[in-house]
Amino acid sequence: MPANRLVIENCAVATMDTDGTEYASGHVVVAGHRIESAGPGPAPEDLTDVVRRIDGSGHLLTPGLVNTHHHFYQWITRGLAQDCGLFDWLTTLYPLWTRIDEPMVHAAAQGSLAALALSGVTTTTDHHYVFPRGAGDLLGAGIRAAAEMGLRFSPTRGSMDRGASDGGLPPDFAVESTEGALLATEAAIDRWHDPSPESMLRVGVAPCSPFSVSSELLRSAATLARAKGVRLHTHGSETVEEEEHCRERYGMTPTELLESTGWLGPDVWMAHCVHMTDSDIAAFARTGTGVAHCPSSNARVAAGLARVPDMLAAGVPVGLGVDGAASNEYGQLGAELRNALLINRLGSHREKSLTARQTLRMGTMGGAQVLGRQEETGSLESGKLADLALWKVDGLLHSSIADPVAALVFGAPAPLTLLLVNGSPVVEDGHLVTVDEDTIARTTRAQARRLASLAGLTPPTPPTARPV
Ligand code: ZN
């Protein structure tokens, strides 16, 4: 008989299982790291070893959200290049990013992770691809921050090997050698990757984008990931400029380039996928390649509208992502539920638009599928890992909406009463319990200023008040 049971009952439950089972009033029993049972009505009264019983009246219980795309280090470069499209935004920020070091990345990861946890995220990825010489253990800094906060983590070792002198977008001083990037990626997998079913840490391989890496790096990275049994991640089809770049250099669309280098398959997921042809979508569906849909970031850099309803209809696995905080200062995945729902209604006929439940599915089970963890997390079912979010939906901003899923997805961000990761609380009553929020706020501000000063940026002067 498992010990240390935690019971949540008397709440609405959206399990996000295959049938979309929901209970108007239901319960979930957690035993150790796993969900023991989920069902209608209150939990059985004769359960033994119950260490905590939570009355979830006025709440909606969902699986924890899964964030499928991020660049943690950008937390300390927010609010810059405010009015740029993607390529100008990148060329403005590359020189700043090449001055990051380990204390900066640790602080930025703390800020990014805090924003995610406070919006209901239990599993997140991170795509780190800037490795200045002598900067310290940057991948390790993010891994340490995730362990301290207690989130389930899938960091990816990114890389760039094609600088401006070789026709790439980043300046030459921002890139690594092809061989150096591959060796460091292999070392990161050997050091950190944990393939076990309850793993809190899975490492992926992630060359940055078609316009910053060589086709040789793409090919070798795919071979390396498959030899090690880890997943592949990159950016794809984000902007019109990227498509033009690929056609000019390779005579192919980004998807054709990625396919030609071994980059379509059930072990691959790509961020954005905004400019996809019908045949690109069919290729993703045929191969099981996943998509990280990042609506706020796509809007921030004016990348365009991804064809998410078409992808879902074709059977493409789609999850949600916040993307790096320099192109999404909000940094919270809870808000992306609403943004994904609304933005996708701008781009399609009414009958093809997303529903609240499809959107919540993308944010939970869709994300788990994209990260290859659909057997372990993403839904509230007996035997799955105890990653769940308890949202308060009877307060001022939500109480007049009868459908709790609509309250969560259409409504304002709902207060988070409890976030459990692997059976342990990370958020209680809207606050982090594993780390100190004020310390993180101070540290991220100090490191953002340190970076700005190293890069020679002067802090912007606030606008002076006009005399009346
Ligand atoms: Zn990105």
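Eight residue pairs are in polar contact across the interface of domain 1 and domain 2, with both partners at pLDDT 80 or more. Keep in mind that this is a predicted model. The same interface also holds four salt bridges by the rule used here. Here's a quick tour, starting with who touches whom.

**The two domains**

**Where they meet**
- On the contact count, 32 residues of domain 1 touch 28 residues of domain 2.
- Together the two domains bury about 2,400 Å² between them, and carbon and sulfur atoms account for 64% of that area.
- Within domain 1, the residues losing the most area to domain 2 are M16, V409 and F410, which together make up 28% of what that side buries.

**Salt bridges and polar contacts**
- Going back to the interface, the rule picks out four salt bridges there, alongside the eight residue pairs in polar contact.
- Several elements give two or more residues to the side of domain 1 that touches domain 2: β14 (388–392), α13 (404–410), β15 (416–421), β16 (424–428) and β17 (431–432).
- Sorted by class, that side of domain 1 has 18 nonpolar residues, eight polar ones and six charged ones.
- R152 and D387 pair up through their side chains in a salt bridge, at 2.9 Å from N to O.
- Search the whole structure and the salt bridge total comes to 23.
- R300 and E329 form a salt bridge too, and their closest N and O atoms are 2.7 Å apart.
- R300 sits in helix α9 (residues 295–300) while E329 is in the loop between β13 (318–320) and α11 (333–346), so this pair ties together parts that are 29 residues apart in sequence.

**Aromatic pairs**
- The count of aromatic pairs comes to seven by the rule.
- F72 and F153 make a stacked pair, with 5.5 Å from centre to centre and 5° between the planes.
- This pair links distant parts of the chain, 81 residues apart: F72 is in the loop between β6 (65–67) and α1 (86–97), and F153 is in strand β8 (residues 152–159).

Note on methods:
Residues are numbered from 1 along each chain as its sequence is written. This is a predicted model: local features need pLDDT of at least 70, side-chain atom pairs count only at pLDDT 80 or more; totals for chains, interfaces and linings use all residues. Side-chain values use heavy atoms; hydrogens and water are left out. Contact means heavy atoms within 4.5 Å. Buried area is the accessible area (1.4 Å probe) that two parts lose on being put together, summed over both. A polar contact is a pair of N or O atoms within 3.5 Å; within protein, one must be able to donate a hydrogen and the other to accept it, and residues adjacent in sequence count only if both atoms are side-chain atoms. Helices (H or I, at least four residues) and strands (E, at least two) are DSSP runs, numbered from the N terminus. Ala, Val, Leu, Ile, Met, Phe, Trp, Tyr, Cys and Pro count as nonpolar, Asp, Glu, Lys and Arg as charged, and the others, Gly among them, as polar. Rings of Phe, Tyr and Trp (its six-membered ring) pair if their centres lie within 6.5 Å; planes under 30 degrees apart count as stacked, over 60 as edge-to-face and the rest as tilted.
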